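Reader: I am new to this structure. Please show me how to read its features one by one.

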Amino acid sequence: MSDHGARCAAGNWSHAGGNGAGFGQRANARRWTWSAATRCAPRAEPVFFPLDEELGLLAGELSATLAEGVVRLGTRMPFEQAATELAFFWNVELEETTLRRYTQAAGAAYVAEQAAELERLERERPLAPAGPAVQYLSADGAMVPLVGGEWAEVKTLALGAVEVRPGEDGLPEAHTTDLTYFSRLADAETFTRQAYVEAHRRGTETANVVCAVQDGAEWLQGLVDVLRPDAVRILDFPHAIEHLTAAAQPVLGIGTPAVKVWLDEQAHTLKHAVDGVRRVLAAVSKLPVQLAVDPRAAADVRDRTVTYFTKRLAQVDYAAFQAARYPIGSGSTESANKIVVEARLKGSGMHWARGHVDPLVALRTVACTNRWSEAWPRISARLRTEAGQRRRARRQLRHSTPLPPIEVASPAIDPVYQPAATAAPPAPRSKSVDKRRPTAFHPWKRYGYDRRPNARRDLRFPR
């Protein structure tokens, strides 16, 4: 009801049939007419019906099932394509911005849920669940485009169980299974702290053996120092071959048969020989750099390669690692970069706000490992909790006690005696009845009720 309508509300027709009249008769209009101003009712705001909580509904205009479907689609494909698929399969048409909003909210809720779990773990330090006999641990980074032409690295931790199965040649070979991921756009120190929540869930602390297979980046060694200091550190075999290729190409040429033969020989020696790394270092040192087009540059690359392997002798003992049935390649982590990060965030024309990256990659780690049924109840519970907190905050804001008025000190004035004003005596009220008869001041006389033909009069309302 508008403010004008609230002030002018009046009942012109009787609903009770008073004064002997029937319903809707004009004779009763004067008895029930209300012409005083009335207060406007406060505007109703959206509320969360108690039954919604019992049914597990989420805040917003979508049902719980539709909201989950929207988030699933927005996690797996571009929002515009997700809107098209939603309209085809569910016959529900939603704007691209709606899908984006629901997906980002769900991802932010999952990030907050993992952050709260991390704080609990750091505070309580509970025992980790039982880990596998041999666990695979690796991490790497992938670049994603941001708004404004910037690029940033999203780091991903991959954890899995190592099983021994026959390889292509029929010999026993280590295979990584049951992979799960943790991805964040963060610096190395922050990522190392945040990744602990997934390492704890997978039992990294209690696994019998942890094989940390990764490239030689320093921040990766720091990650292993925190998550599992006694892990078996293994340099990713393809990365080792890349360094040998960099040392051989300036001398033997790029793509020549000579460089191919040399690399195949060194790769086989490094992978299978007991003292493979020492024999390979000797072969690198004997490269005829004086025959290169730029002998000085070739010598520098050769020396850096020797230094690189010398610092990592314990990490390139591939013959011993294979004998123990440990993995020697980090292909699972490189695949994680592609399927978790790049497949969704590096599409044509995509540019992401920095604050929108973590929510989406967090959902991707769930969707790409078939853990949706495990994670979604936690996400929806967090969304309902956050909606309840917003409702309580609005309620407190509406019913908050107003601040007391600010007292302004009056200037100091010398007191001056002033006599108190004497109130004038009230004027004597004229008598309405004199000698048991109404006078001219009686309402009967003033409003002319004595001159009306109708004998039944109501003296409370003047005409």
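Author: One definition before we start. Two strands pair if DSSP finds at least two bridges between them. Keep in mind that this is a predicted model.

Reader: How many bridges join strand β2 to strand β3?

Author: Strands of a sheet pair through backbone hydrogen bonds, either parallel or antiparallel. Here β2 (residues 151-166) and β3 (residues 172-184) run antiparallel, joined by eleven bridges.

Reader: Which residue takes a positive phi in the hairpin of β2 and β3?

Author: That is Gly170, with a phi near 85°. The hairpin has five residues between the strands.

Reader: In what order do the five strands of the open sheet stand?

Author: Read them as β3-β2-β1-β4-β5, with mixed pairing. β3 and β5 (232-235) are at the edges with a single partner strand each, so one side of each has no neighbour in the sheet. On average, neighbouring strands of this sheet are turned by 25° against each other, direction ignored.

Reader: Do strands β1 and β4 pair in the parallel or the antiparallel sense?

Author: Parallel. Four bridges link β1 (residues 134-145) with β4 (residues 209-214). Gln135 stands opposite Val210 in β4.

Reader: Now the rings. How many aromatic pairs does the structure hold?

Author: A pair of aromatic rings is described by the distance of the centres and the angle of the planes. The structure holds seven such pairs. One of them is Phe182 with Phe191, a tilted pair at 6.0 Å centre to centre and 45° between the planes. Both Phe182 and Phe191 are buried. Together with Trp219, Phe182 and Phe191 form one aromatic cluster.

Reader: Which pair is stacked, with 10° between the planes?

Author: Trp372 and Trp376, at 5.8 Å centre to centre. Look at their places in helix α17 (residues 372-398): Trp372 and Trp376 are four residues apart, so about one helical turn separates them.

Reader: Are Trp372 and Trp376 buried or exposed?

Author: Buried means under 20% relative accessible area. Trp372 has 5%, so Trp372 is buried. Trp376 has 9%, so Trp376 counts as buried too.

Reader: Where does the charged end of Lys155 sit?

Author: The charged end of Lys155 sits over the ring of Trp219, 5.4 Å from the ring centre. Trp219 is also part of the cluster with Phe182 and Phe191. In another case, the charged end of Arg312 sits over the ring of Tyr308, 4.0 Å from the ring centre.

How values were computed
Residues numbered from 1 in each chain as written. Predicted model: local features only at pLDDT ≥ 70, side-chain atom pairs only at ≥ 80, totals over all residues. Heavy atoms only, no water. Helix = DSSP H or I, 4+ residues; strand = E, 2+ residues; numbered from the N terminus. Phe/Tyr/Trp six-rings, centres within 6.5 Å; stacked < 30°, edge-to-face > 60°. Buried < 20%, exposed > 50% of the residue type's maximum accessible area, 1.4 Å probe, protein only. Lys NZ or Arg CZ within 6 Å of the ring centre and 35° of its normal. Axes fitted to C-alpha atoms, helices over the stretch in contact; angles between N-to-C directions.
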